[in-house]
Amino acid sequence: MRWLKFTTEGKTSWGLVEGDRVITIDGDLSDYRRTAQLYALNDVKIELPLIPRTFYCVGLNYFKHLKEAADRRGEVPAVPDRPEVGYRAQNALIAHDEEVVIPEFATEKIHYEGELVVVIGRKVKHLTPDNAMDCVFGYTIGNDVSERTWQKADRGLWRSKNADTFKPMGPWIETSADLEKMQTIIRVNGRETYRFRTNDMIFGVVPFLVELTKYFTLWPGDVIWMGTDGASPDLKHGDVVEIEITGIGSLRNRFVREEA
């Protein structure tokens, strides 16, 4: 099932995407009823699928991405020996087809990171490898936008990763995707720039769920962004980045530089 939050005729609703149509539902993801009201998918405004209570993220979880980062620093890549987790800020979230705004004083080092996003469906703690996936409601797509010059200059990632609009997410939540069959394909202005097996992670979804829930309670609507592979070109004003994850869909956003 593909759960979409959308706006049409001044009203925001949950719906189910079936082909090129949206079927409006009454209720929410836990208790709902299909209605007879249909819309063409192209005729609705796609909203953020959810605002997470806690916004977890994974860094350096693909070997090529880790090696490229180490090469830029002139270092030997240090492969992590356990899952490590960070955070992102809700203020940075935007929906499919909304614009990423590059601050006017940012440098040219604006990069994309196409990521699988895990959506939590129920309250859990102390998960095991055997039951970890039971809490996963579904998956969506994220673009972890970064300003690399700020990332190098600051001790934390407070502005390089979390500036307003730097976290596109969507377009919907897919509940039946097969991790083993997924590919992540990234296009800039319609041209493919990178492709990788989505599940080719150093640590997969299960190890992160187990590690997280040793310390934290996961709640319905929490999200975990699972990292990326490869490297990005420098993005400029007017570039359109599309991140496709097979079995889920495509997230598309245009980048615009803020005017002075």
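Trainee: How do the residues lining the second largest pocket divide by class?

Mentor: Into 10 nonpolar, 3 polar and 1 charged. Ala, Val, Leu, Ile, Met, Phe, Trp, Tyr, Cys and Pro count as nonpolar; Asp, Glu, Lys and Arg as charged; the others, Gly among them, as polar. This is a predicted model: local features need pLDDT of at least 70, side-chain atom pairs need 80 or more, and totals for chains, interfaces and linings use all residues. Residues are numbered from 1 along each chain as its sequence is written, and side-chain values use heavy atoms, leaving out hydrogens and water.

Trainee: How big is that pocket, and which residues are closest to its centre?

Mentor: The second largest pocket has a volume of about 200 Å³. Of its 14 lining residues, Leu29, Leu50, Ile120, Pro220 and Gly221 are the closest to the centre.

Trainee: What makes a space a pocket, and what makes it a cavity?

Mentor: Both are sets of points on a 1 Å grid over the protein atoms alone. In a cavity a 1.4 Å probe fits but cannot get out; a pocket is open, with protein on both sides within 12 Å along at least five of seven lines. Lining residues have an atom within 4 Å of a point. Points join across faces, edges and corners, and the volume is the space filled by probe spheres set on them.

Trainee: Which residues and elements form the largest pocket?

Mentor: The largest pocket has a volume of about 530 Å³. Its lining has 24 residues, with Leu60, Arg148, Gln151, Leu157 and Lys161 nearest the centre. Two or more lining residues come from each of β6 (55-58), α1 (63-73), β7 (85-87) and α2 (148-153). α1 gives the most, with 4 residues. By class, the lining holds 6 nonpolar, 7 polar and 11 charged residues.

Trainee: How many cavities count here?

Mentor: The count is 1 cavity of 30 Å³ or more. The largest cavity is about 40 Å³ in volume. Its lining includes His65, Tyr112, Arg148 and Asp229. By class that lining has 3 nonpolar, 4 polar and 3 charged residues.

Trainee: Why is threonine 213 called buried?

Mentor: Threonine 213 has a relative accessible area of 0%. Buried means under 20%, exposed over 50%, partly exposed in between (1.4 Å probe, protein chains only). So threonine 213 counts as buried. The residue sits in the loop between α3 (205-212) and β17 (223-225). Beyond four places in sequence, threonine 213 touches Val124, Lys125, His126, Leu127 and Leu218. A contact here is heavy atoms within 4.5 Å.

Trainee: What makes α3 mostly covered?

Mentor: Of its 8 residues, 6 are buried. They are Val205, Phe208, Leu209, Val210, Glu211 and Leu212. These residues pack against β6, β7, β11 (114-120), β12 (136-143) and β17.

Trainee: What makes a group of residues a nonpolar core?

Mentor: Its members are buried Ala, Val, Leu, Ile, Met, Phe, Trp, Tyr and Cys, joined through side-chain atoms within 4.5 Å. The largest core has 57 residues, and among those with the most contacts inside it are Leu4, Leu209 and Ile224. Its largest share, 5 residues, comes from α3. A second, separate core of 16 residues includes Leu48, Val117, Val119 and Val223.

Trainee: Is phenylalanine 255 buried or exposed?

Mentor: Buried: its relative accessible area is 0%. Phenylalanine 255 lies in strand β19 (residues 249-257). Outside four places in sequence, phenylalanine 255 touches residues including Val100, Ile102, Ile110 and Leu235.
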